[in-house]
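Q: Could you walk me through this structure, starting with the overall make-up and then going into the details?

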Amino acid sequence: MRIRMKHIAVVCALAALVGCGGGEGTHRPAGVEAETAQFRIVLPDEPKPWEKTAAEELEHYLGLCLGGNSLTVEGRHGVTFHVGDTAFARDQGLPFESFKEEEWRIKSFGRNVVLSGGGTRGTLYAVYRFLEDGCGVRWWGDGDEDVPEPKPLAFGVLDRRGKPFFECRNIYRWRKADPRTAVRNRLNDNGNSPIPLSLGGAFTYGPPHLAHTWDWYVPFSKYGKEHPEWYSLWDGKRIGGDHQGQLCLTCPGLTDEFARRLEDYIAKGSADAAAKGFAAPRIYDISQNDGTMKFCKCPSCTAERAKCGHTGLMLKFVNATVDKAAKAHPDLLFSTLAYHLTEPVPSNGVVAAENVIVRLCNTTQNMATGILDPDNKFMHDQVIAWKDYTKHLYVWEYGIIYHKLKGYPFPSEFYIPEKYRFYAENGVRGFLIEHEDFEQSDMYELKFYLERKMLEDPFQESEGLIEDFMTRYYGAAGEMILEARKLLDRRRREKKAFIRWFPSMGEFSFFSNDDLAEVKRLFDEAAALVKGDRKREDRVARAYLSFGRLADFRAKFGGKHPPEKGVSDKPFFDIPTDDLSSENHEKSAIDFVKDIEIGDPLSGGDLVTRIKVTDTDKEGYYRLPFEIGVYDPIAKKTILKKRWEKPLGEGYCWYSAGRVKLPEQGFFAYFTRKWTVQVPACLPGMNGNEFEVKALVKFTGPMFFPGSKESNEIRIARLAYVEP
Ligand SMILES: [Zn+2]
């Protein structure tokens, strides 16, 4: 037996600090200290790395929670914790072998407490559940934790057990996310920041990569010449490569080749992990290339596709490859993606093999509401359809919205519990949740808290989860912040707003300026309630950030502009074409510059979006005629469009595209026939009303003015929505 005594020093030092031990502790002789200490920790004779970590964590946090105060279990002092696969636990009929992987057990036998579990993480989970549920410790994020004020702790009979529900619980936070935060919260993978064996290792992917791997197995750049038959036949040519083409999935011998390479990767994965002290990977991915729909059109692929669909053809290929390689690896799983053309379930009786994971990506959802909302029927129905086609249905989820608006408010937290409960009820077994950029992302700490809680136990009572978080994280300010978030949710529902995965500013128009003012009032009150508590003052300020960004944008551009000479004799909304308001696509085709245009009085000296047209514009979309339009992405309809065969003149000129009644929800104006510059408008007072849409644009260069010595550019300085 190895008995850890170090905690005594920790306890005494703390006792001296908080004045609980009367200074006596630091001078006690060693023997007496051992008898009077609140607890002992016993490890197995030869502890595993994760058992040692579990003991260290227990010693550290329990020491902080007690701070020299007494600890009793079943009414008795002198508590001993038996951490991991100890002789005591075995004597009590709780040997390591009796636990399922990741199962944890907390059980008291008088003053002796067993904290143990299965696999490499069960014991850690037992310790963390004891510290979280029993002692009130919370790990909110990297370096962000709360330990309750030291006090005496008295436990009755302890007898709890559990096992996280989903088999794969991976929240991608950022590339260097602390694996301790993941494991303390019972996540078993950590984005692309590995979990070392000392923390129990991860349930993770091996090489070459976790998704879009076909071209990693047989790179077109390397084998395209030697084996053109392996790749998609498209328009009479064989094409391959990520973002370029796919594979000829019926090509004779290709599954043999894949199986050989898969074997190599499995060997490499195990060897690399062993060398770095990580657990061996558990999943290997075989999934289609990203960014292209060019699936093979050869007669044999076409015939096969007619029988069992895109998805069936893909699954047959994956199943056959896995079948060849997997016999020697019964403990491994193999994953593929249901992505774009392969999202529908396969036909003609094709199902995924027993050990094949199918991952569905939820990219079409309304991010601000739940999976049971009609807005999200597509994903809802996909999940229900797929559950009969694979034993391992996984989902690729998103906790964050993207693009420049990732820091704007959307009330998804109220729907996180129902979403993961639905997934659990419908056979989903694993997740990768992308929830990065914690410093920007809306209400990050709460949403991350709910996600990991639901991944561990989707059937838990979720009613009080948000309230509990609010009180613990924000203290007295929690109630006000919750009220602000509920207002956001209420308005979103009233206006039936649809916040896409990549939203535009218009989608936030559901929240009025009056609402923002009310939120500001609530946050001022919240901040006053925690004044002097630095940690909570910071937390309250962070919770306000997403509202603050929206308010700042409105303050800068929100009001109606009075009539202005050269623009209009009517009031108008002046929409910036740069910065937050603009989405610029296809960056590779052209060169964007946003800089200050000096010297042209009409441009107002503001930032201007400049499109430098280069030779890469092969399709000629930037040549004349020039186009301005307005698009409604919810109805998927162009609602206004006008073209100009030539510039109205040299220098800046106003181009009026005409009048349009703007939709109730999001919309954006676009420029050029390539729609490269897209400017969403978001300002209250615009939606649902009629406006004339006009833009201040200048053309330069020989493409627009033959003989010109300047370079070819389109400069967009202003966009105005003028009252009729
Ligand atoms: Zn083919």
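A: The protein chain holds 17 helices and 29 strands, and this is a predicted model.

Q: How much of the protein chain counts as buried, and what share of the contacts comes from residues 24 or more positions apart?
A: Of its 724 residues, 46% count as buried, and residues 24 or more positions apart make up 70% of the contacts with a separation of 6 or more.

Q: What is the order of the strands in the six-stranded open sheet?
A: The order is β11-β18-β17-β16-β15-β14, with parallel pairing. The edges are β11 (168-172) and β14 (283-285), each of which pairs on one side only, and the twist from one strand to the next averages 25°.

Q: How many bridges hold β16 and β17 together?
A: Five bridges, in the parallel sense, link β16 (residues 356-361) with β17 (residues 392-398), and within that pairing Val358 has Leu393 of β17 as its bridge partner.

Q: Which strands does helix α13 lie across?
A: Helix α13 (residues 444-456) lies across β11 and β18 (428-434), and the angle at which it runs to β11 is about 170°.

Q: And how does α13 sit against α14?
A: Their axes come within 11 Å and cross at roughly 135°, which makes α13 oblique to α14. The crossing in which α13 passes α14 is right-handed. On the α13 side the contact is made by Glu445, Leu446, Tyr449, Leu450 and Lys453, and on the α14 side by Leu465, Ile466, Phe469 and Tyr473; by class, that contact has seven nonpolar, no polar and two charged residues.

Q: Which residues of α12 are buried, and what covers them?
A: In helix α12 (residues 416-425) the buried residues are Ile416, Pro417, Lys419, Tyr420, Phe422 and Tyr423. Their cover includes α11 (377-386), β17, β18, α13 and α14 (465-474). Just after α12 comes Gly427, which takes a positive phi of about 85°.

Q: Switching to α15 and α16, at what angle do they pack?
A: Helix α15 (residues 478-494) and helix α16 (residues 513-529) pack at about 165°, their axes being 8 Å apart. Because of that angle, α15 counts as roughly antiparallel to α16, and α15 passes α16 in a left-handed crossing.

Q: Which residues meet there?
A: From α15, Met480, Ile481, Glu483, Ala484, Leu487 and Arg491 meet Asp515, Glu518, Val519, Leu522, Phe523, Glu525 and Ala526 of α16. By class, the contact of α15 with α16 has eight nonpolar, no polar and five charged residues.

Q: What about Met505, in the loop between those two helices: buried or exposed?
A: Met505, which is found in the loop between α15 and α16, has 26 other C-beta atoms within 10 Å, and since 20 or more is the cut-off, Met505 counts as buried. The C-alpha atoms of Met505 and Gly666 are separated by 7.3 Å, although the two residues are 161 residues apart along the chain.

Q: How do α9 and α10 cross?
A: Helix α9 (residues 254-276) and helix α10 (residues 299-326) have axes that come within 8 Å and cross at roughly 55°, which makes α9 oblique to α10. Here α9 passes α10 in a right-handed crossing.

Q: Which residues are involved, and how do they divide by class?
A: Thr255, Asp256, Phe258, Ala259, Leu262 and Glu263 in α9 meet Phe317, Ala320, Thr321, Lys324 and Ala325 in α10. The residues of this contact divide into six nonpolar, two polar and three charged.

Q: Last topic, then: how many residues lie between β5 and β6 in their hairpin?
A: Two residues lie between β5 and β6, and Gly110 in the turn has a positive phi of about 65°. The strands, β5 (residues 104-109) and β6 (residues 112-117), run antiparallel and are joined by six bridges, with Ser108 standing opposite Val113 of β6.

Q: And what does β5 do with β10?
A: β5 pairs with strand β10 (residues 159-162) in the antiparallel sense over four bridges, and Ile106 stands opposite Arg160 in β10.

Terms used. Residues numbered from 1 in each chain as written. Predicted model: local features only at pLDDT ≥ 70, side-chain atom pairs only at ≥ 80, totals over all residues. Pairing = 2+ DSSP bridges. Axes fitted to C-alpha atoms, helices over the stretch in contact; angles between N-to-C directions. Contact = placed C-beta atoms within 7 Å. Parallel < 35°, antiparallel > 145°, perpendicular 65-115°, else oblique. Left-handed = near helix turned anticlockwise from the far one by under 90°. Nonpolar A, V, L, I, M, F, W, Y, C, P; charged D, E, K, R; others polar. Buried ≥ 20, exposed ≤ 12 C-beta atoms within 10 Å, placed from the backbone.
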